[in-house]
Amino acid sequence: MRGVGAGCLVIEGIVLLLAIQPIRIMGGSLQGLGVWVMVGLSVLCFLLCGLLRHRWAWHVGTALQVLVIAGGYFQWGIAAIGVVFLALWLYVLNVRKSVLG
């Protein structure tokens, strides 16, 4: 299950990094601080991948999804990414619960 969770976080980190330029071009309001917030969130996704062997890391993963949604303050597209990955993360948590009991 750690692999599934890590895969979800890696894909989210990559999507956050790849979304910076299109959001800057189309949205226009993503500047300086907003870009650094997105880079920081993607780095947190990558770091959390290696920590999923700890039980607390799964809760931090949920909090990370909420932080990505809160990134919608800078641009609504970031919140949309956050909502999609929150749904995916909740599905991973549900599968984890059913597999591990």
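Gly 50 is found in the loop between helix H3 and helix H4 (55–70), helices being DSSP runs of H or I with at least four residues, and strands runs of E with at least two, numbered from the N terminus. The model is predicted, and local features need pLDDT of at least 70, side-chain atom pairs count only at pLDDT 80 or more, and totals for chains, interfaces and linings use all residues. Residues are numbered from 1 along each chain as its sequence is written, and side-chain values use heavy atoms, with hydrogens and water left out.

At 40% relative accessibility, Gly 50 counts as partly exposed; this term covers values between buried (under 20% relative accessible area) and exposed (over 50%), with a 1.4 Å probe and protein chains only.

Helix H1 (residues 2–18) contributes four residues, the largest share, to a nonpolar patch. This surface patch, of about 410 Å², is made by Val 10, Ile 14, Leu 17, Leu 18 and Phe 46. Patches consist of residues with over 30% relative accessible area and no salt bridge, like charges being joined within 9 Å and nonpolar side chains (Val, Leu, Ile, Met, Phe, Trp, Tyr) within 5 Å. A salt bridge is a side-chain nitrogen of Lys or Arg within 4 Å of a carboxyl oxygen of Asp or Glu. Accessible areas come from the Shrake-Rupley method with a 1.4 Å probe, and for residues only the protein chains shown count as cover.

Phe 46 lies in helix H3 (residues 32–49) and is partly exposed, with a relative accessible area of 33%. Beyond its neighbours within four places in sequence, Phe 46 is in contact (heavy atoms within 4.5 Å) with Val 10, Gly 13, Ile 14 and Leu 17. The C-alpha atoms of Phe 46 and Lys 97, 51 residues apart along the chain, are separated by 23 Å.

H1 also packs with helix H5 (residues 76–100), at an angle of about 175° and with the axes 10 Å apart. H1 is therefore roughly antiparallel to H5, a term for angles over 145 degrees; those under 35 are roughly parallel, 65 to 115 roughly perpendicular and the rest oblique. Axes are lines fitted to C-alpha atoms, for helices over the stretch in contact, and angles run from 0 to 180 degrees between N-to-C directions. On the H1 side, the residues that meet H5 include Val 4, Cys 8 and Leu 16, and their partners in H5 include Phe 85 and Trp 89.

Val 4 of H1 is partly exposed, at a relative accessible area of 46%. Its C-alpha atom and that of Ala 80, 76 residues apart along the chain, are separated by 22 Å. Val 99, in helix H5, counts as exposed at 54% relative accessibility. The C-alpha atoms of Val 99 and Met 1 are separated by 8.3 Å, with the two residues 98 apart along the chain.
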